[in-house]
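Please keep the viewer open while you read.

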Amino acid sequence: MNDIYLWCVTGMAAVVALNTIWRLWTERDRLLREDLSDEDRAFAWRVVIFVIFPLLNFIDLRSTMVACNLLGGYVKSWSYGLMWFHVQPVGLPEHQLIIPVFLAGAVFQLLLAVFLLPALLFRPHPFIATLVGYTAAFTFGLNLIIDPLLALVGMGSPRWQIVYGLLSHHERAIFLTVHIAAAALYIIAMLSQSIRLVFAGLSRPGACDELKKALAEYRSCPGSVRLACLVGLLYDRAGLRRRARAQLKHLTTRDSDSLYTTFLQSLLLYKRRDYRLSRQAFITSSDYPGVDGSLKASLLAAAACCAFADEDVTGALNLASRAIEFDDFCLVARMVKVDALLRQGKKEEAGEELLLAMREGLILDLEKKVPLDADEVFESLVALEAKLGPGLRLPGRELQVQSSSR
């Protein structure tokens, strides 16, 4: 039964891997862009897991076999299934030599990850930099944390259990100390905001350049709510989500009644998939005095996106219809309405809505527009601030930051 399960995993992984390789070729133009979207970065993770990870597994297998042969043994049997492998070394002169044989693959993978990192010094294309960074992070995490923990609960490779069992008490203490120290350094590096900022500059250079300019302006005028909101938006775009949340916390403490604060909060809540609170925040923003026209439509359409993501189809349809009342050319609202009608089984009405959008000349391209076009909305807020006064205060409508349970 275990063999059947493993080969089923191999079959599914092979299908996904082939599809991933095909998309790498057919969507190569999208991946050559300097400004990668969240979908592009998610696709990079898919490449790492279903294309690069099988190669790492094969390297692990070959390293084990070569180490066994060099130490005087031979491999009696082996099998390889993309996401897993099995090898049975025999004939070693000493039983203790099984330890370097089983550790050879992990050591070689870790060395490969270390040698990959200097490639980032040459500032490769953002997608290549993302692949290199994700591959190194995945390789360290796999060998230092994931694989040992899975072995501990009896689900991963048995080599770690075999190695621990063959070590003496003193050797085991030293090995565990080194292993835990290396894992701790890896976790610290992954949580380091400085390292994340450097990597963001490689994988998202456009957003980081804008962030540096905004930070310079913000430091010269720290009291500006507009600049504080802009910095939070750019932190999020650069992938520095923790700094974006810290910026929101700072804004909430200082200017909780500002429309800028509510807008930033609604967007970050959406990114955290807290759709209920995000919907509330978008609606609160749309009710601000002076918000009208395309700005109000964009905020209501974003609330409709949140409602649809929260499985409230009726609420999404109502909010999308309200958004269209303020702007017939609100593409996000149109598409949410189409999706909601399809979910309700009203295919004819959905088709009519789609044809109407096409007749009005809307380009059905939602990239970077879900739940809204953040740049366009921010510019509208700046224009509104010029009319209503600095800060865009929202009297009597404070929306407190709530932590998501996710």
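The chain holds 18 helices and two strands, where helices (H or I, at least four residues) and strands (E, at least two) are DSSP runs numbered from the N terminus. This is a predicted model, in which local features need pLDDT of at least 70 and side-chain atom pairs count only at pLDDT 80 or more, while totals for chains, interfaces and linings use all residues. Residues are numbered from 1 along each chain as its sequence is written, and side-chain values use heavy atoms, with hydrogens and water left out.

Along the principal axes, the C-alpha atoms fill a box of roughly 85 × 55 × 35 Å. Of the 406 residues in the chain, 45% are buried; buried means under 20% relative accessible area, exposed over 50%, and partly exposed in between (1.4 Å probe, protein chains only). The accessible surface is about 21300 Å², and carbon and sulfur atoms account for 63% of it. Those areas come from the Shrake-Rupley method with a 1.4 Å probe; for residues, only the protein chains shown count as cover.

Contacts here mean heavy atoms within 4.5 Å. Among contacts between residues at least 6 apart in sequence, 65% join residues at least 24 apart.

Just after α16 comes G345, with a positive phi of about 85°.

In helix α17 (residues 347-359) you will find E352, which is exposed at a relative accessible area of 54%. E352 and H125 are 227 residues apart in sequence and 43 Å apart in space, C-alpha to C-alpha.

Leaving out residues up to four places away in sequence, K296 touches S286, D287, V291, R322 and F326.

Now to the charges. The chain has 43 positive and 41 negative charges, whose mean positions are 5 Å apart. Lys and Arg count as positive and Asp and Glu as negative, while His and the chain ends are not counted; each charge is placed at NZ of Lys, CZ of Arg, CG of Asp or CD of Glu.

Side chains of opposite charge can pair when their charged atoms come close. With a salt bridge taken as a side-chain nitrogen of Lys or Arg within 4 Å of a carboxyl oxygen of Asp or Glu, the count comes to 15. Here are some of them:

| Salt bridge | N to O distance |
|---|---|
| R23 and E27 | 3.1 Å |
| R241 and D236 | 2.9 Å |
| R254 and D255 | 2.6 Å |

E27 counts as partly exposed at 24% relative accessibility. In the second pair, R241 is partly exposed at 29%, whereas D236 is buried at 6%.
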